[in-house]
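Here are my notes on this two-chain model. Please read them beside the coordinates.

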Amino acid sequence: MRGTEHTVIKGGLTSRKRKKRILDTVCFILLAAAALTVLMPLWFMVSTALKDMDEIFTYPITWYPHNPVWSNFKDAWMSADFTGWFLNSLFVAGFAILGGVLANSLVAYGFAKIKFPGRNILFTIILGTMMIPEFVTMIPQYVLYARLGWVGTYLPLIVPQFMGSAYFIFMLRQFYAGIPNSVIESAQMDGASHFCIWRKIMLPMAKPAIMTVVVLSFNWSWNDFLKPLLYLTDTARFTLQIGLKIFVSQSNTQWNYLMAASCIVLLPIIVVFMCLQKYFTDGMNLGGAVKG
Amino acid sequence: MKRGMTKREKKEARAGWLFISPWVIGFICLTGGPLLFSLYASFTNYNMTSRMDFIGVANYIRMFKKDPVFWKSLGNTLYYVLLAVPASCVCAIFLATLLNRKVKGTPVFRMLFYLPTVLSGVAVYQLWIQLLAPQSGLVNSVLRLFGIEGPSWLADPAWTKPSLVMMRVWALGTSMLLYLSSMNSVSKDLYEAADIDGATFLQKFRKITLPQISPIIFFDIITNMTGAFQVFQEALVMSKNGKGDPAGSLLFYNLHIYDEAFTRYNMGYASAMAWFLLVIVMTITLINLAASKYWVHTEEGET
């Protein structure tokens, strides 16, 4: 029985190999087509940013800029307070990263490695809060910040970052849970406090997960639109997202400038993503682990 | 035994609460407290400045009986969800299946497919407004190469929602990675056994891959549905006046809440709408959980 089965497999091998090669080629062509589709919009953005106004209104459209005008980037940047908005965005993102790393790693350590009554129920609540739509808490939060006199300042954008986010807490707790308890117990034998263990042992060991918190905090803060829209009232304090929106309403048909400005707004994220891609995608995988 | 903690346990408990205190404070001030406040506000005529009188269920009656915009926004949102979720789910599984064959260049492809996911905000919306321009936009220009005259997308009420769906599908990286990693963890033995039986690629996909990754499909559909239900920024930036035009076709549920809360300051009414949103999202999750029993494949002994 076994012998015949074996020969059958061997006999079919060459045709199967050829079939596999055909399938792989089809697969590669489909992937390339998909990649082209995904990249075309970004190419269109760069290409439009480099065109002059005449070329923008040519019809049918040109697929690449025939006389690239590199100064469009500079001119667009200079025609509004982009430098200020850029720095504001960096400022807010810096605090988002700092708060995100500090708060989430502390809270996650508490949930992963310290035993205290109520721990499990609180952790279930954290997971539950992930389901609550942003808009349900948005109005009361606005009222709260208005009462505190924080509207028009960066505080509503920054302070919550120091209170942890359910997503990161969950992710980091999963990571900490993978670090054996014996490491902590032996440190405690030597008289180390939990704070000391967190600082000296856990933070260094959790570096990859912390990096994920860093890049995602940066990404989300940079792209955040709703909070700056609600809380920033003074043009000089705008972040890039809101600044770009003002710029759009002021330069209706200057499409090359619009696309040039959009390019510059997206560039930092693209650069960070290209360099630290692994940490972005790791975070998403861990997020998927919510299903358990 | 149960009562009375030892001194050490007490110290541990104190440390534990200290460590999680940032989250506890945040939960009370920014989630739990606000939830209760907005529940109460939904029964008042709160307007942020002068009044907060208890008016019973008047806001809810207004919502269901007297506000045609409410039903329109709910309808628009449902339409969007029913279009966007299956579209991005199918495309994500398709791309993950291709990537899972691990042909040459897969890491590069994976990175490229994920790239749009990290891009969002006004710059991206502005870009898509350009891409979807009827005359000079990229989308219609490409369609013209194939001899198709595309619609006028964001200017045509019938095509605005498909426009936003297209943009959403462009950024499906998160779902794609989820599917890819779950496909990776499907046991190779199953495929080898199928190979011996001479199963084709499609057969293996239907009979092995799909059932094996069904828990992830289920998870992805829930998160996508609740996410799509909260569509807001795109509509605010990409509709002509920020109010969901043309013809109110982009007037989504959250845009209506935003408008009531922050341009008319009907905070009480907006809170009622927000709570109804919470109920919808919870219901979606519960229905999915209940339905999953019937179609999600689980291994014996696995929950």
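1. Ile169(A) first. Leaving aside neighbours within four places in sequence, Ile169(A) is in contact with Asn104(A), Val107(A), Ala108(A), Phe111(A), Ile126(A), Gly164(A) and Trp23(B). Contact here means that the C-beta atoms of two residues, placed from the backbone, lie within 7 Å.

2. Conventions. This is a predicted model, in which local features need pLDDT of at least 70, side-chain atom pairs count only at pLDDT 80 or more, and totals for chains, interfaces and linings use all residues. Residues are numbered from 1 along each chain as its sequence is written, while chains are lettered from A and ligands numbered from 1 in the order in which they are written.

3. The core. Ile169(A) is among the residues with the most contacts inside the largest nonpolar core, alongside Val107(A), Leu172(A), Met176(B) and Tyr179(B). That core has 146 residues. Helix H15 (residues 255-288) of chain A gives the most to it, with 12 residues. Domain 1 (2-72) and domain 2 (78-291) of chain A both contribute residues, so the core lies between them. A nonpolar core is a set of buried Ala, Val, Leu, Ile, Met, Phe, Trp, Tyr and Cys residues joined through C-beta atoms within 7 Å. Buried means 20 or more other C-beta atoms within 10 Å of the residue's own; exposed means 12 or fewer, and partly exposed is in between, with C-beta atoms placed from the backbone. Helices (H or I, at least four residues) and strands (E, at least two) are DSSP runs, numbered from the N terminus.

4. Domains of chain A. The bounds come from an automatic or database domain assignment. The centres of domain 1 and domain 2 of chain A, taken over C-alpha atoms, are separated by 34 Å. Their contact takes nine residues from domain 1 of chain A and seven residues from domain 2 of chain A. On the domain 1 side, the elements giving two or more residues are helix H2 (13-49) and helix H3 (53-56) of chain A. H2(A) gives the most there, with four residues.

5. Chain interface. The contact takes 72 residues from chain A and 71 residues from chain B. Elements giving two or more residues on the chain A side include H2, helix H5 (82-113) and H15 of chain A. Which element gives the most to that side? H2(A) does, with 15 residues.

6. Ser262(A). This residue lies in helix H15 of chain A. Ser262(A) counts as buried because it has 27 C-beta neighbours inside 10 Å. Beyond four places in sequence, Ser262(A) is in contact with Met45(A), Ala123(B), Gln126(B) and Leu127(B). Ala123(B), Gln126(B) and Leu127(B) are among the buried residues of H5(B). Helix H5 (residues 122-131) of chain B is mostly covered, with nine of its 10 residues buried.

7. Helix H10 (residues 201-229) of chain B has 29 residues, yet its end C-alpha atoms are only 35 Å apart. A straight helix would reach 42 Å at 1.5 Å a residue. H10(B) has a kink of about 55 degrees at Ser214(B), shortly before the proline Pro215(B). The bend is the angle between axes fitted to the seven residues ending at a residue and the seven starting there.

8. Confidence. pLDDT is the predictor's confidence in each residue, from 0 to 100. Its mean is 89 for chain A and 90 for chain B. The complex has an ipTM of 0.88 and a pTM of 0.90 from the predictor. Over residues 1-8 of chain A pLDDT stays under 50, and the model has zero contacts beyond four places in sequence for them. Where pLDDT is low, predicted coordinates should not be read in detail.

How values were computed: The expected span of a helix is 1.5 Å times one less than its number of residues.
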